[in-house]
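Dear colleague,

I am passing on the structure shown below, which you have not worked with before. Please look it over first, and then read the notes that follow.

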Amino acid sequence: QVQLEESGGGLVQAGGSLRLSCAASGRTFSTYYMGWFRQAPGKERDFLAAVGWSGGGTYYADSVKGRFTISRDNAKNTVYLQMNSLKPEDTAVYYCGAGADRRQYLYWGQGTQVTVSS
């Protein structure tokens, strides 16, 4: 079992940057794919980015490619999402997930709110 806790959300102006962190408990962190998702009010949860076990493989949704960067530090049991050039439409609750591969996520954090003002 893995427990996840996101942090780093907040209010930022359009064009600004934020870095989200997701800290994981347990000694098996390095065996999981890690992903970031977001959910805006009234919408479904959308995939943003995923990173493989060693950090070598990364995947992005078209909506964030070139603006967001996912990375992980297995020594710290943490995955990050660097978000640049933020837009008001990026406003959402951001979640991290842990899974067996980049399409199946077994564990979720509680989410962190990101609000981008225009």
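Tyr 80 is found in strand β8, strands being DSSP runs of E with at least two residues, and helices runs of H or I with at least four, each numbered from the N terminus. This is a predicted model, in which local features need pLDDT of at least 70 and side-chain atom pairs count only at pLDDT 80 or more, while totals for chains, interfaces and linings use all residues. Residues are numbered from 1 along each chain as its sequence is written, and side-chain values use heavy atoms, with hydrogens and water left out.

Tyr 80 counts as buried because its relative accessibility is 13%, where buried means under 20% relative accessible area, exposed over 50%, and partly exposed in between, computed with a 1.4 Å probe and protein chains only. Not counting residues up to four places away in sequence, Tyr 80 touches Arg 19, Leu 20, Ser 21, Trp 36, Thr 69, Ile 70, Ser 71 and Asp 73, a contact being heavy atoms within 4.5 Å. Arg 38 is 42 residues from Tyr 80 along the chain, and their C-alpha atoms are separated by 14 Å.

Leaving aside neighbours within four places in sequence, Asp 90 is in contact with Arg 38, Arg 67, Phe 68, Ser 85, Val 114 and Val 116. A polar atom of the Asp 90 side chain also lies 2.8 Å from the backbone nitrogen of Lys 87.

Side chains of opposite charge can pair when their charged atoms come close. A search of the whole structure finds three salt bridges, each defined as a side-chain nitrogen of Lys or Arg within 4 Å of a carboxyl oxygen of Asp or Glu.

In one of them, the side chains of Asp 90 and Arg 38 meet at 2.8 Å, N to O. This pair links distant parts of the chain, since Arg 38 sits in strand β4 (residues 33-39), 52 residues from Asp 90 in the loop between β8 and β9. Both Asp 90 and Arg 38 are buried.

Asp 90 also forms a salt bridge with Arg 67, with 2.8 Å between the closest N and O atoms. Arg 67 lies in the loop between β6 (58-60) and β7 (68-73) and Asp 90 in the loop between β8 and β9, so this pair ties together parts that are 23 residues apart in sequence. Here, too, both Asp 90 and Arg 67 are buried, and Arg 38, Arg 67 and Asp 90 are linked in a network of salt bridges.

Another salt bridge joins the side chains of Lys 65 and Asp 62 (3.3 Å, N to O); Asp 62 counts as exposed because its relative accessibility is 67%.

**The chain as a whole**

The chain has zero helices and 11 strands. Its C-alpha trace spans about 40 × 25 × 25 Å along the principal axes, and 43% of its 118 residues are buried. Among contacts between residues at least 6 apart in sequence, 54% join residues at least 24 apart.

With kind regards

Methods
A polar contact is a pair of N or O atoms within 3.5 Å; within protein, one must be able to donate a hydrogen and the other to accept it, and residues adjacent in sequence count only if both atoms are side-chain atoms.
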